[in-house]
Amino acid sequence: MLIGYMRVSKADGSQVLDLQRDALIAAGVKRSHLYEDQASGKKDDRPGLEACLKALREGDTLIVWKLDRLGRNLRHLVNTIHDLMERGICFRVLTGQGANIDTTTASGRLVFGIFAALAEFERELIRERVKAGMKNARARGARIGRPRTNVDASQIARLRDSGASLREIASQLGVSVGTVAACSKKLSRSTSVIA
């Protein structure tokens, strides 16, 4: 079965799905098998895409007008297409960059493999840059990670014993709820060790 997905970035009516819809129908997708979103590709919450991915079964083919209609970045695209292939679902792009991706063919799978290798290469470059930046910052004396907060554990224990909630304690001490929770856990562990 052929299933089509289409997306426009704006829901204000300035962009329409007509061009994509016509191209998908011309490619053999039935109107009842079209899924759509009117949201930025950067958004994680795209109900049309989620419904589309759930509707796909082994042997189906997902078709999009252009590659950028499906994913927000190369990694997301590669992961999505890889997941489809793992489920036995083919993927095809009709036009634009990536139009030669058609995982129903050997050459399309080759092109997808190249995309996957590029995504992996991109991840490794980012990881190397982050590590180099952190090393450089440490060499200049910078502390990496969250800033430390000097919280008086006995004050948290007193407030906790008086029945104050974590949120109330955090507000009173001017720290995050997570800091209070972490400190409370440490207090609980130290009192259980003493007991």
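Helices here are DSSP runs of H or I with at least four residues, strands are DSSP runs of E with at least two, and both are numbered from the N terminus.

The buried residues of helix 4 are Gly 108, Val 111, Phe 112, Ala 119, Arg 123 and Ala 137, where buried means under 20% relative accessible area, exposed over 50% and partly exposed in between, with a 1.4 Å probe and protein chains only. Their cover includes helix 3 (74–86), contact being defined as heavy atoms within 4.5 Å. Just after helix 4, Gly 141 adopts a positive phi of about 95 degrees.

## Basis of the model

The model is predicted, so that local features need pLDDT of at least 70 and side-chain atom pairs count only at pLDDT 80 or more, while totals for chains, interfaces and linings use all residues. Residues are numbered from 1 along each chain as its sequence is written, and side-chain values use heavy atoms, with hydrogens and water left out.

An open sheet is formed by four strands in the order 2-1-3-4, with parallel pairing; two strands count as paired if DSSP finds at least two bridges between them. Strand 2 (34–38) and strand 4 (90–93) are the edge strands, each pairing on one side only, and neighbouring strands of this sheet are turned by 20 degrees against each other on average, direction ignored.

Strand 1 (residues 2–8) runs parallel to strand 3 (residues 61–64) and is joined to it by four bridges, with Leu 2 standing opposite Thr 61 in strand 3.

## Helix 1 against the sheet

Helix 1 (residues 18–26) lies across strand 1, strand 2 and strand 3, and runs at about 170 degrees to strand 1; axes are lines fitted to C-alpha atoms, for helices over the stretch in contact, and angles run from 0 to 180 degrees between N-to-C directions. The buried residues of helix 1 are Gln 20, Arg 21 and Leu 24. They cover an arc of only 100 degrees around the axis, which puts them on the same side of helix 1, the arc being that of the directions from the helix axis to the C-beta atoms. These buried residues pack against strand 1, strand 2 and strand 3, whereas Leu 19 and Ala 26, on the other side of helix 1, are exposed.

Gln 20 has a relative accessible area of 4% and touches Met 6, Arg 7, Val 8, Trp 65 and Arg 69, not counting residues up to four places away in sequence. Helix 1 is followed by Gly 28, with a positive phi near 105 degrees.
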